Amino acid sequence: MAGVQQVPVHVEVALQPSCALEFSEIEQEVRRLIHGGGSTTIRDGPIDVSTSRVLSENVLTAKVTGLTDSGVDKVPFWHCDPCVHAFQLSPCGVEREVLDGDGDGEDVAAFDQWVLPAQELEGLWESLLLEDTIKAQLLDYATSALLFSDRQVSKHIISWNRVVLLHGPPGTGKTSLCKALAHKLAIRLGGRFQAAQLLEINAHSLFSKWFSESGKLVGRLFGHIAELAEDESTLVCILVDEVESLTTARSAAMSGNEPSDAVRVVNAVLTQIDSLRARDNVLVLTTSNVSKAIDLAFVDRADIKMLIGLPGVQARYSILQSCLAELMRTGIIDPPQHVPDCASELVRTALHTSCDMGVLAPARIGEGFIQLSYFGVLLFKTVGMSSATGCRVMSMGILLLQVAALAQGLSGRALRKLPFQAHAFFVHRSSTTLHHYLDALLQAVRTELQRRAQLETGSPV
Ligand SMILES: Nc1ncnc2c1ncn2[C@@H]1O[C@H](COP(=O)(O)OP(=O)(O)OP(=O)(O)O)[C@@H](O)[C@H]1O
Ligand SMILES: [Mg+2]
C-alpha cells in the first residue's frame with residue numbers, strides 16, 4: 001500500500017517431508033493468506049493455514065517469529081511485509097564424528113554434527129527467553145556478516161570475522177542460543193545456501209589425551225571442517241563450547257605442568273580458526289562461562305562479544321509460564337487455565353506497581369498468598385477487571401509473578417528444573433490444579449534458595 005510503512009514479518013513454514021511443491025509456490029500462498037486479512041493483527045505464534053488447501057496439504061507448521069525479539073507486539077496485516085521462509089526439517093539427528101587418535105586405530109570423539117534445519121532444534125530459539133533484544137541483535141549480526149561476505153566486501157578495508165563469543169554465568173542458555181542461531185540461520189538464509197551444517201566441538205576434548213599429544217589431530221579435525229566448507233553453497237556453523245579451556249591449557253603450560261604440548265594445541269586451534277575466517281560460508285560460535293578466563297588472543301578474534309546474563313523477573317515469569325503450559329498440555333496440571341502473558345496489561349501493571357510498593361520484593365514474599373488479596377484488590381482497581389474469570393486469571397498471574405520475583409538469581413537452567421522439583425517434593429499426586437501447583441512452585445523456590453545458601457556457607461541456614 002502506497003505511503004504506508006511496511007514492517008518485515010518473518011514467517012517460517014516447515015513443510016511435510018512429502019511436499020513436492022516449489023518453495024516459491026508455498027511462499028506465494030502464505031503471502032496471499034496473510035494479505036487476505038483472515039487475521040487483522042499479526043503477532044508472533046502459529047498461523048492458521050486451514051483455509052488454504054495447498055498449505056493444509058503440505059505444511060507441518062507455519063509461524064510468525066521475531067516480532068517480540070525486536071520489541072514489536074503486533075502489526076496490522078496491511079502494514080505487514082511477509083518474508084516467508086519455507087524449509088524441510090532434517091530428521092537425521094546428531095551424529096558423532098570420530099577421528100583415529102594416533103593412527104593406531106583407536107578413535108577419539110572429535111565433534112557432533114547436525115544437518116540443518118534439524119528436527120531436534122526446531123522451537124529451541126523460541127524457548128529461549130532473554131532480556132532486551134539479544135536474539136534480534138545476534139540474528140542481525142549474523143545476517144550482515146554473511147551478506148558482507150556474499151557481496152565480497154574487501155576485508156582489507158572493512159574488517160569482520162564471523163566469530164561470535166557468548167559469555168556469562170552457567171545455565172543462562174549460551175550453548176542453546178548458539179545451536180538455535182545456527183538452526184535459525186539455516187532457515188532464514190535458505191535462499192542463499194542450499195544446505196547447512198552445525199558442528200559442535202567441545203574445547204575440553206581438544207585437550208584429551210590424544211589431542212594434547214600433538215597439534216596434529218587438531219589439524220586433522222579442522223581439515224575435515226575445511227573440506228565441508230569447500231562447498232560454498234553450504235553454510236557451516238562451528239560451535240566451540242567452553243572456549244576458556246584454551247586459556248586454562250595455556251596457563252597450565254605457563255606454570256610448567258604440561259609445557260609445549262598444550263601451547264601447541266592452543267596455537268593450532270587459533271591458527272585453524274584464522275584460516276576458517278577466510279571462508280565466506282563459515283560462522284564460528286563460541287561460548288564461555290568464565291568470562292575473565294578467556295584467552296585474549298581469542299577475544300580479539302570475536303566480532304561480537306555478548307554477555308548472556310541471569311534472567312530478569314520478566315524472563316523468569318515467561319520461562320515458568322512456558323513450563324506451566326507444558327504441564328497443562330500433559331495433564332499434570334488439570335484443568336488447563338489461562339495464565340496472562342508477561343506483556344499483558346495485568347503483568348506490566350503488577351510489575352510497575354510492585355516497583356512503587358516493593359510488594360514483589362523477595363524479602364516480602366514470605367508473607368506469600370496473604371499479601372495477594374491486598375495486591376489483588378489494588379490491581380483490580382488499576383486494571384479494571386470485573387468478571388469472575390478475569391479475577392481468576394489475574395490471581396494466577398499474580399501468584400506466578402510472586403514465584404518469579406522470589407526466584408531472583410536462578411539461571412534459566414535452574415528455573416526449568418523448578419516445576420519438576422515442585423512436583424517431586426510438594427505435589428505428591430499425578431495431577432493437580434494450577435493454584436496448587438503454583439503453591440508448590442513457591443515452596444520449591446524457597447527450598448532451592450535455601451539449599452544454595454547452604455552450599456555457599458557449608459552449614460544449615
Ligand atoms: N533465558 C533462558 N530462557 C529459557 N531457557 C533457558 C534460558 N537459559 C537457560 N535455559 C535453559 O537451560 C538449559 C541450559 O542451557 P545451556 O546449556 O544452553 O546454558 P549454558 O549457558 O550453555 O550453560 P553452561 O555455561 O553451564 O554451559 C537449557 O535447557 C535451556 O533451554
Ligand atoms: Mg554451555
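Guide: A salt bridge here is a side-chain nitrogen of Lys or Arg within 4 Å of a carboxyl oxygen of Asp or Glu, and by this rule the count comes to 15. This is a predicted model, in which local features need pLDDT of at least 70 and side-chain atom pairs count only at pLDDT 80 or more, while totals for chains, interfaces and linings use all residues. Residues are numbered from 1 along each chain as its sequence is written, chains are lettered from A and ligands numbered from 1 in the order in which they are written, and side-chain values use heavy atoms, with hydrogens and water left out.

Visitor: How do you know that Arg 53 forms a salt bridge with Glu 57?

Guide: The closest N and O atoms of Arg 53 and Glu 57 are 3.3 Å apart, and the rule asks for within 4 Å, so the pair counts. Both residues lie in helix 2 (residues 53-58), four residues apart, about one turn of the helix. Helices (H or I, at least four residues) and strands (E, at least two) are DSSP runs, numbered from the N terminus.

Visitor: Why is Arg 53 called exposed?

Guide: Buried means under 20% relative accessible area, exposed over 50%, and partly exposed in between (1.4 Å probe, protein chains only). Arg 53 has 59%, so Arg 53 is exposed.

Visitor: What makes the pair of Glu 126 and Lys 63 tie together parts of the chain that are 63 residues apart in sequence?

Guide: Glu 126 and Lys 63 form a salt bridge, with their closest N and O atoms 3.6 Å apart. Glu 126 lies in helix 3 (residues 124-127) and Lys 63 in strand 4 (residues 59-65), so the pair links these parts. Lys 63 has 15% relative accessibility and therefore counts as buried, whereas Glu 126, at 29%, counts as partly exposed.

Visitor: How do you know that Arg 329 and Glu 326 meet in a salt bridge?

Guide: The N to O distance between their side chains is 2.8 Å, so the pair meets the rule. Arg 329 and Glu 326 both lie in helix 12, three residues apart, about one turn of the helix. Arg 329 has a relative accessible area of 62% and is therefore exposed; Glu 326, at 39%, counts as partly exposed.

Visitor: Which residues do salt bridges with shared partners join into one network?

Guide: That network holds Glu 12, Lys 63, Glu 122, Glu 126, Lys 184 and Arg 188.
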